[in-house]
Amino acid sequence: MANSKSAFLNPDRNPLLHVLVRKLCFDHFTAGETETEVRQTINHVKSLGFKGVILGYAKEAHIAGVDTDMGIPKSAPGVFETECVNAWRDGILKTLSLIGQKDFLAVKFSGASKATLDALAHGEDPPQNMWGAMLEICDATAKQGSRLWIDAEQQDLQPSIDEWTRRLMRRYNQGDKALVYTTMQSYLKHMEYNVGKHLEMAQAEGWILGVKLVRGAYIATERRNLIHDTIEDTHDAYNRIVKSMLRQEYPGVSPDKIYPRSELFLATHNEDSINKAWSLQKSLLQAGKPTIELGFGQLQGMADEVGCSLIQLCQDEKAADKTQALQAIRDAQLMAVPNAFKCLSWGTTSECLQFLLRRVRENADAFGRTKYWAVSFREEILRRLTSPFSLRAKERSQQGIR
């Protein structure tokens with residue numbers, strides 16, 4: 001369905017298919033189709049104890065055939081380009097209006113227009129109208145008190161995405177907190193070096209580096225020689241980046257200058273990486289050593305047990321905080337409370353299909369890791385189903401004794 005051009009396989013055009021897709025997967029993995037549905041989902045997520053959300057609009061460009069993007073009828077090239085950029089901007093600003101302060105807005109450059117896609121592919125400056133729209137989005141995000149991150153894409157486009165994002169960070173990451181985050185994909189062999197180069201630039205130019213660290217979302221379409229040879233190599237690279245950033249001891253960053261300010265967001269379903277990162281940050285804070293702001297996020301409907309474990313850690317730490325006698329220790333404990341977020345996407349069913357397809361591919365190993373949770377869930381369901389019968393049998397037995 002995600003790749004078909006058939007109207008029959010388009011859930012936005014086929015009412016029966018629309019119902020099936022919504023019931024089988026859409027409602028579980030996305031925030032909704034309408035603004036009302038999205039707001040209800042966000043309120044529910046925050047009511048569970050999550051610190052906030054990351055929200056993205058699922059509609060995106062395809063490398064081929066972008067002139068039908070956003071559902072805009074084709075017109076004169078210049079007019080069509082402007083219409084695409086305006087529709088992209090309006091969709092992102094509408095998404096921004098659905099989130100709150102300190103939440104994240106997810107932005108994908110390539111969805112703006114064909115000219116934007118061409119500029120990314122050829123290493124050129126962003127088109128003027130697209131860049132004006134992007135600055136408008138950043139200004140609105142800053143005014144609202146939210147934050148945004150720029151999503152990573154295929155390596156054919158990523159060098160330009162990195163450069164354009166650095167321009168935004170130089171402009172907007174000058175205060176106490178980072179407004180703009182860049183996305184680093186640790187399954188790429190050069191990513192440890194790339195993070196280091198960004199830290200060196202932030203150190204030399206005096207801006208905050210915001211990093212959203214993922215393992216990678218384009219493994220099905222990326223050039224294989226760019227990716228680590230094994231999943232274990234990817235895990236090791238991910239954890240090394242986290243450790244070096246948290247300890248503020250990144251290889252290659254000059255120790256003779258003030259260490260660059262940075263913030264780190266771990267967008268991962270890997271429980272081992274999360275536990276290592278949180279434990280390290282907590283130990284650094286309690287030892288009075290410098291570290292950086294750290295956040296965690298998982299996709300809606302995936303690794304929910306990981307996100308809920310983070311919420312439980314948060315509650316446990318706050319409870320423990322009340323028992324501490326020394327203010328310094330209390331402050332360190334409170335700072336170490338893990339910030340857990342949920343990553344949501346919204347749009348029509350057909351707009352979300354590519355998003356859902358990539359999520360399934362990139363999280364195949366996560367499904368394997370959570371088999372033991374599935375076993376626990378089945379045991380608990382069986383216990384609840386059989387407990388009424390067990391209770392009645394026990395009551396009958398006790399009545400017989402009496």
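This is a predicted model: local features need pLDDT of at least 70, side-chain atom pairs count only at pLDDT 80 or more; totals for chains, interfaces and linings use all residues.
Reader: How many helices and strands does the protein have?

Author: Helices (H or I, at least four residues) and strands (E, at least two) are DSSP runs numbered from the N terminus. On that basis the secondary structure comes to 14 helices and 8 strands.

Reader: What percentage of the 402 residues is buried?

Author: Buried means under 20% relative accessible area, exposed means over 50%, and partly exposed lies in between, with a 1.4 Å probe and protein chains only. Of the 402 residues in the protein, the buried share is 48%.

Reader: At what angle do helix 8 and helix 9 pack?

Author: Axes are lines fitted to C-alpha atoms, for helices over the stretch in contact, and angles run from 0 to 180 degrees between N-to-C directions. Helix 8 covers residues 231-247 and helix 9 covers residues 271-286; their axes are 10 Å apart, and the packing angle is about 15°. Because angles under 35 degrees count as roughly parallel, over 145 as roughly antiparallel, 65 to 115 as roughly perpendicular and the rest as oblique, helix 8 is roughly parallel to helix 9. The angle asked for is about 15°.

Reader: Which residues of helix 8 make the contact with helix 9?

Author: Contact means heavy atoms within 4.5 Å. Helix 9 contributes Asp272, Ser273, Lys276, Ala277, Leu280, Gln281 and Leu284. From helix 8 come Tyr238, Asn239, Val242, Lys243, Leu246 and Arg247.

Reader: Is the crossing of helix 7 and helix 8 left-handed or right-handed?

Author: The axes of helix 7 (residues 191-205) and helix 8 come within 10 Å and cross at roughly 20°, which means that helix 7 is roughly parallel to helix 8. A crossing is left-handed if the near helix is turned anticlockwise from the far one by less than a right angle, and right-handed if clockwise. The crossing of helix 7 and helix 8 is right-handed.

Reader: Which residues of helix 8 does helix 7 meet?

Author: Helix 7 takes part through Met191, Glu192 and Val195. Its partners in helix 8 are Ala237, Arg240, Ile241 and Met245.

Reader: How many disulfides are there?

Author: A disulfide is a pair of cysteine sulfur atoms within 2.5 Å. Cys25 is in no disulfide, as the nearest cysteine sulfur, that of Cys352, is 9.5 Å away. The count comes to 0 disulfides.

Reader: Is Cys138 buried or exposed?

Author: Cys25 has 24% relative accessibility and therefore counts as partly exposed. Cys138 has 0% relative accessibility, so Cys138 counts as buried.

Reader: Which residues does Thr348 touch, not counting residues up to four places away in sequence?

Author: Thr348 lies in the loop between strand 8 (339-346) and helix 12 (349-362). At 24% relative accessibility, Thr348 counts as partly exposed. With residues up to four places away in sequence not counted, Thr348 touches Asp12, Phe26 and Glu33.

Reader: Where is Lys102?

Author: Lys102 is not a glycine, although its phi is positive, about 70°. Lys102 is exposed, with a relative accessible area of 57%. Its place is in the loop between helix 3 (77-97) and strand 2 (104-107).

Conventions
Residues are numbered from 1 along each chain as its sequence is written. Side-chain values use heavy atoms; hydrogens and water are left out.
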